[in-house]
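Open the model in your viewer and keep the sequence panel beside it. The stops below say what to select next and what is there.

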Amino acid sequence: MLLQDSDVCDELIRLMYFGNILAYKALLDFFISSEAAKALEEVHLRVELIKALQYKADEKELVGYYVYELFKTKSNNTTKQMAPRYIEWVNTHCKNMRM
């Protein structure tokens, strides 16, 4: 299943970079609805999704999703690379944002 998810996400990411808003929404829906990453391959997919979603980000929207993602993901050696990406993005993009 992960390989299929990864292939689909890769294609949606390419479409999103070409300006396809439906691809962005599909990636966001997948990001929101998928289970927390547990295996290393899942973490790598989540990291790719994080980078892609930030490209077309609605900043206020992503902050909420990132916080939710942090709460639902069990912290361990496999998932530890995700949290700094969320926090770095929030610190960089949301300093002057009003919630």
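Contact, in this tour, means heavy atoms within 4.5 Å. This is a predicted model, in which local features need pLDDT of at least 70 and side-chain atom pairs count only at pLDDT 80 or more, while totals for chains, interfaces and linings use all residues. Residues are numbered from 1 along each chain as its sequence is written, and side-chain values use heavy atoms, with hydrogens and water left out.

**The whole chain**

Start with a cartoon view. The chain has five helices and zero strands, and from the N terminus on its elements run α-α-α-α-α. Helices (H or I, at least four residues) and strands (E, at least two) are DSSP runs, numbered from the N terminus. Of the 99 residues in the chain, 31% are buried. Buried means under 20% relative accessible area, exposed means over 50%, and partly exposed lies in between, using a 1.4 Å probe and protein chains only. Among contacts between residues at least 6 apart in sequence, 68% join residues at least 24 apart.

**Tyr65**

Select Tyr65, which is placed in helix 4. Not counting residues up to four places away in sequence, Tyr65 touches Leu28, Phe31 and Ile32.

**Helix 2 and helix 4**

Now show helix 2 (residues 21–33) and helix 4 (59–72) together. Their axes come within 11 Å and cross at roughly 30°. Helix 2 is therefore roughly parallel to helix 4. Axes here are lines fitted to C-alpha atoms, for helices over the stretch in contact, and angles run from 0 to 180 degrees between N-to-C directions. Angles under 35 degrees count as roughly parallel, over 145 as roughly antiparallel, 65 to 115 as roughly perpendicular and the rest as oblique. The crossing of the two helices is left-handed, a term for a near helix turned anticlockwise from the far one by less than a right angle, with clockwise giving right-handed.

Helix 2 brings Tyr24, Leu28, Phe31 and Ile32, which meet residues of helix 4 including Glu61, Leu62, Tyr65 and Tyr66. By class, this contact has eight nonpolar, no polar and three charged residues. Ala, Val, Leu, Ile, Met, Phe, Trp, Tyr, Cys and Pro count as nonpolar, Asp, Glu, Lys and Arg as charged, and the others, Gly among them, as polar.

**Helix 2 and helix 3**

Tyr24, Leu27, Leu28, Phe30 and Phe31 of helix 2 meet Leu45, Arg46, Leu49, Ile50 and Leu53 of helix 3. Nine of the residues in this contact are nonpolar, none is polar and one is charged.

**Helix 3 and helix 4**

Bring helix 4 back. The axes of helix 3 and helix 4 come within 12 Å and cross at roughly 165°, which makes helix 3 roughly antiparallel to helix 4. Select Arg46, Ile50, Leu53 and Gln54 on helix 3 and Leu62, Tyr66, Glu69 and Lys72 on helix 4 to see the contact. These residues divide into four nonpolar, one polar and three charged.

**The core**

Which residues have the most contacts inside the largest nonpolar core? They are Leu27, Phe31, Leu53 and Tyr66, in a core of 23 residues. A nonpolar core is a set of buried Ala, Val, Leu, Ile, Met, Phe, Trp, Tyr and Cys residues joined through side-chain atoms within 4.5 Å. The largest share of this core, seven residues, comes from helix 3. Centre on Tyr66, whose partners beyond four places in sequence are Phe31, Ile50, Gln54, Tyr86, Trp89 and Val90.

Move to Val43 in helix 3. Val43 is buried, with a relative accessible area of 0%. Its contacts, leaving aside neighbours within four places in sequence, are Ala37, Thr78, Thr79, Gln81 and Met82. End at Lys38, in the loop between helix 2 and helix 3, which is exposed, with a relative accessible area of 58%.
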